[in-house]
Amino acid sequence: MVDYVGIADIQRLVNQIGPGEFMERLAAQIEADYRRWGQFEKSARLASHSEVGVIELMPISDGDLYSFKYVNGHPKNTSLGLLTVTAFGVLAEVSTGYPVLLSELTVTTALRTAAMSALAAKWMARPNSKTMALIGNGAQSEFQAIAFHRMLGITELRLYDVDPRATAKLAENLRAMPELRSISLVHATSSAEAALGADIITTVTADKRNAVIVTPSMVAPGMHLNAVGGDCPGKTELHADILRRADARVIVEYEPQSRIEGEIQQMPADFSVTEFADVVNGVQPGRGSDGEITVFDSVGFALEDYSALKFLHDLTREHREFCRQIDLVPDLEDPKDLFGGTLGSSKRGRMRRVA
């Protein structure tokens with residue numbers, strides 16, 4: 001029997017812990033795993049692109065545990081009443097190849113994306129950052145708001161979306177959370193107005209195109225840019241001149257993948273970037289000075305999903321009420337007799353009985 005975490009399970013688990021604390025604890029797991037970056041077998045994700053979206057597989061292993069995530073990104077799905085992103089994942093033992101956890105990752109990916117954003121900002125943003133522009137108020141926006149309030153102490157959110165209904169939805173959801181009612185919510189009429197006076201700009205737009213959400217004139221000295229939406233080839237959010245600034249420092253998760261999918265796909269192959277693992281391990285600083293522009297070119301990397309699955313596995317081993325079990329792998333009396341133990345009638349090959 002394999003542990004299984006479904007939508008109902010993750011709802012109960014996160015509601016029990018609280019989404020802010022859940023993301024803060026998940027960020028700690030992600031940071032711990034980035035500190036042992038060299039132990040992981042890494043590769044860029046395998047992507048299948050179509051005119052309407054992308055389907056990806058994201059594998060990684062540290063030699064003891066292996067994980068993969070299946071995830072899609074279809075921006076036009078919402079017009080059909082469907083989610084833009086859905087996902088599930090598996091955590092397995094390398095020693096046997098047996099899966100130990102099958103989990104939904106649609107909700108968990110939203111949690112880990114925001115946890116990673118806030119974790120990167122802790123290393124890159126100015127320590128006194130209190131105001132964040134949140135441009136793109138769709139499915140990821142609440143998670144970003146909660147994580148940045150919890151982990152960085154953001155007290156003002158400047159909101160903008162091309163669809164005013166998305167901003168209204170975001171504001172309503174945030175106001176319904178007692179721990180977030182003290183946050184000041186400013187409804188902006190443009191991206192430029194949202195960015196005005198912000199310490200941090202977070203972009204989480206969904207359109208699969210080379211968009212210019214943030215222009216050079218919107219960027220002030222000392223800002224931190226958390227670019228989340230540009231996560232596949234042909235999809236960007238920042239004007240390339242922002243990256244070219246002499247005072248800009250660009251941090252990526254896994255450089256070979258970010259060259260293909262991130263904001264830096266706009267730049268030449270020799271454009272200088274720093275991997276986040278070098279920041280948490282003290283090889284490179286996340287920020288050089290208060291006046292520097294820092295850019296987290298976030299595309300999402302498999303290590304973060306490994307961390308999320310391991311975090312869930314550890315939690316559910318402690319709290320069995322938050323997971324179920326499914327018979328994903330046959331348990332045979334004679335492991336050499338798969339047919340007899342599953343489809344045949346031979347008594348000598350029967351399945352083991354569970355007491």
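Biologist: In which helix does Glu31 lie?

Modeller: This is a predicted model, where local features need pLDDT of at least 70 and side-chain atom pairs count only at pLDDT 80 or more, while totals for chains, interfaces and linings use all residues. Residues are numbered from 1 along each chain as its sequence is written, and side-chain values use heavy atoms, with hydrogens and water left out. Helices (DSSP runs of H or I, at least four residues) and strands (E, at least two) are numbered from the N terminus, and the helix spanning residues 19-34, which holds Glu31, is α2.

Biologist: Is Glu31 buried or exposed?

Modeller: Leaving aside neighbours within four places in sequence, Glu31 is in contact (heavy atoms within 4.5 Å) with Leu119, Trp123 and Val280. Its relative accessible area is 18%, and the classes are buried for under 20%, exposed for over 50% and partly exposed in between, with a 1.4 Å probe and protein chains only, so Glu31 is buried.

Biologist: How are α3 and α4 oriented to each other?

Modeller: The axes of α3 (residues 106-124) and α4 come within 9 Å and cross at roughly 40°. Residues of α3 including Ala110, Leu111, Ala114 and Ala118 meet residues of α4, among them Phe143, Ala147 and Met151. Angles under 35 degrees count as roughly parallel, over 145 as roughly antiparallel, 65 to 115 as roughly perpendicular and the rest as oblique; α3 and α4 are therefore oblique.

Biologist: Which residues of α5 make the contact with α4?

Modeller: Helix α5 (residues 164-175) packs against α4 at an angle of about 45°, with the axes 10 Å apart, and these two helices are therefore oblique to each other. From α4, the contact is made by Ser141, Glu142 and Ala145, and from α5 by Lys169, Leu170, Asn173 and Leu174.

Biologist: Where is Asn137 found, and what is its relative accessible area?

Modeller: Asn137 is found in the loop between β7 (131-135) and α4 (141-152). Asn137 is buried, and its relative accessible area is 0%.

Biologist: How far does the backbone oxygen of Tyr160 lie from a polar atom of the side chain of Asn137?

Modeller: Beyond its neighbours within four places in sequence, Asn137 is in contact with Leu159, Tyr160, Asp161, Ala166, Thr167, Lys169 and Leu170. Of these residues, Lys169 and Leu170 also belong to the contact of α5 with α4. Between the backbone oxygen of Tyr160 and a polar atom of the side chain of Asn137, the distance is 3.5 Å.

Key
A polar contact is a pair of N or O atoms within 3.5 Å; within protein, one must be able to donate a hydrogen and the other to accept it, and residues adjacent in sequence count only if both atoms are side-chain atoms. Axes are lines fitted to C-alpha atoms, for helices over the stretch in contact, and angles run from 0 to 180 degrees between N-to-C directions.
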